[in-house]
Amino acid sequence: MTIAHADTARTPVPTQSTYQSRVADYWNAEENPVNLELGKIDDLYHHHYGIGDADRSVLDEPDPDRRRERVTAELHRLEHAQAELLASHLGDVSPADRVFDAGCGRGGGSVVAHQRYGCHTDGATISAKQADFANEQARKRGIDDKVRYHHRNMLDTGFTAGAYAASWNNESSMYVELDLLFAEHARLLRRGGRYVVITGCYNDAYGRASREVSLINAHYICDIHPRSAYFRAMARNRLVPVHVEDLTAAALPYWELRREADHLVTGIEDTFLNAYRNGSFQYLLIAADRV
């Protein structure tokens with residue numbers, strides 16, 4: 001099967017609502033060390049959190065400079081583990097296939113997918129600055145013939161319908177309406193293609209969004225969805241869950257370590273920890289097939 005390259009499809013001007021313009025402005029201006037310092041380790045820039053057991057011995061390092069280096073490296077390792085987990089759920093992807101990274105940030109997830117499968121990857125971000133940065137990283141790696149980033153709205157990419165074997169959102173779905181998002185993923189995926197999302201969502205079995213969830217929304221200018229909304233919107237858009245995994249417990253060590261990283265804290269660490277521990281907030285992975 002011949003797969004059209006994304007550049008042969010319609011190239012829309014990224015349309016933005018007032019809210020989306022605020023989000024774009026936020027990410028165009030963002031220079032947070034917790035994103036940039038971690039990425040400098042191996043030029044893989046992840047705009048998401050980490051999972052797995054943390055090596056807390058890094059906190060015992062007596063030399064202050066060495067301690068910062070070791071803590072930074074350990075947080076990056078946990079973030080990379082999260083990206084690898086997501087990529088492992090993308091299904092049967094071959095080097096000839098194309099995959100779509102929705103809300104790609106500075107591009108680390110697309111590189112992880114390409115390294116695992118050898119596939120073509122298109123990333124889309126509403127931030128022109130992020131797209132330029134990610135494309136420069138791909139050029140430096142010598143993979144820009146297969147890994148490309150686009151300044152586009154992930155709700156209206158203009159990419160070829162049915163051209164993608166897999167697609168995902170990694171902590172970016174809280175910035176958009178889920179029905180609009182999943183409609184675009186369903187349009188892009190071929191029949192049987194795999195969609196994966198990792199996201200923070202509020203636990204509507206707990207009740208309405210908690211104070212902690214509201215604080216996270218304000219911090220990141222986002223709108224965290226209830227857990228149930230993901231499944232309802234998927235059902236309306238031909239996406240059938242095949243794997244659901246609660247990563248909340250696996251996420252706690254990352255946040256516990258990050259709150260001890262004086263050079264990287266952003267002030268939101270205790271809010272995440274409290275939300276996870278009181279049950280009002282969950283970290284969820286959902287893999288779904290397009291039918």
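Reader: In this predicted model, are α3 and α9 roughly parallel or roughly antiparallel to each other?

Author: α3 and α9 are roughly antiparallel to each other. Two packed helices are described by the angle between their axes and by the distance between those axes. For helix α3 (residues 64–88) and helix α9 (residues 248–258), the angle is about 155° and the axes are 10 Å apart. An angle over 145 degrees counts as roughly antiparallel, so that label applies to α3 and α9.

Reader: Is the crossing of α3 and α9 left-handed or right-handed?

Author: The crossing of α3 with α9 is left-handed.

Reader: At what angle do α6 and α8 pack?

Author: Helix α6 (residues 178–188) packs with helix α8 (residues 227–236) at about 45°, and their axes are 9 Å apart. α6 is therefore oblique to α8. α6 passes α8 in a right-handed crossing.

Reader: How many aromatic pairs does the structure hold?

Author: The structure holds 16 aromatic pairs. A pair is read from the distance between ring centres and the angle between ring planes. One of the pairs joins phenylalanine 100 to tyrosine 164, with 6.0 Å from centre to centre and 55° between the planes, and it is tilted. Phenylalanine 100 is in strand β1 (residues 98–102) and tyrosine 164 in strand β4 (residues 164–170), so the pair links distant parts of the chain, 64 residues apart.

Reader: Are phenylalanine 100 and tyrosine 164 buried or exposed?

Author: A residue counts as buried under 20% relative accessible area. Phenylalanine 100 has 0% and is therefore buried; tyrosine 164, at 1%, is buried too.

Reader: What kind of pair do tyrosine 254 and tryptophan 255 form?

Author: Tyrosine 254 and tryptophan 255 form an edge-to-face pair, with 5.3 Å between the centres and 90° between the planes. Tyrosine 254 is buried at a relative accessible area of 0%, and tryptophan 255 is buried at 0% as well. Both belong to a cluster linked by ring pairs, which also takes in Tyr49, Tyr220, Phe272, Tyr276, Phe281 and Tyr283.

Reader: Which residue lies over the face of phenylalanine 133?

Author: Arginine 106 lies over that face, at 5.5 Å from the ring centre of phenylalanine 133.

Reader: Which non-glycine residues have a positive phi?

Author: Glutamate 171 and isoleucine 221 are among them. Phi of glutamate 171 is about 55°. Glutamate 171 lies in the loop between β4 and α6 and counts as buried at 11% relative accessibility. Isoleucine 221 has a phi near 55° and lies in the loop between α7 (211–220) and α8.

Reader: How far apart are lysine 140 and aspartate 43, in sequence and in space?

Author: Lysine 140 and aspartate 43 are 97 residues apart in sequence, while their C-alpha atoms are 9.4 Å apart in space. Lysine 140 is found in helix α5 (residues 128–141) and counts as exposed, at 60% relative accessibility.

Reader: Where does UniProt place the feature "domain: Methyltransferase"?

Author: The unreviewed UniProt entry places that feature at residues 99–193. The span is 37% helix and 28% strand, and its end C-alpha atoms lie 10 Å apart.

Note on methods. Residues numbered from 1 in each chain as written. Predicted model: local features only at pLDDT ≥ 70, side-chain atom pairs only at ≥ 80, totals over all residues. Heavy atoms only, no water. UniProt positions renumbered as here; feature names shortened; annotations may be inferred. Helix = DSSP H or I, 4+ residues; strand = E, 2+ residues; numbered from the N terminus. Phe/Tyr/Trp six-rings, centres within 6.5 Å; stacked < 30°, edge-to-face > 60°. Buried < 20%, exposed > 50% of the residue type's maximum accessible area, 1.4 Å probe, protein only. Lys NZ or Arg CZ within 6 Å of the ring centre and 35° of its normal. Axes fitted to C-alpha atoms, helices over the stretch in contact; angles between N-to-C directions. Parallel < 35°, antiparallel > 145°, perpendicular 65-115°, else oblique. Left-handed = near helix turned anticlockwise from the far one by under 90°.
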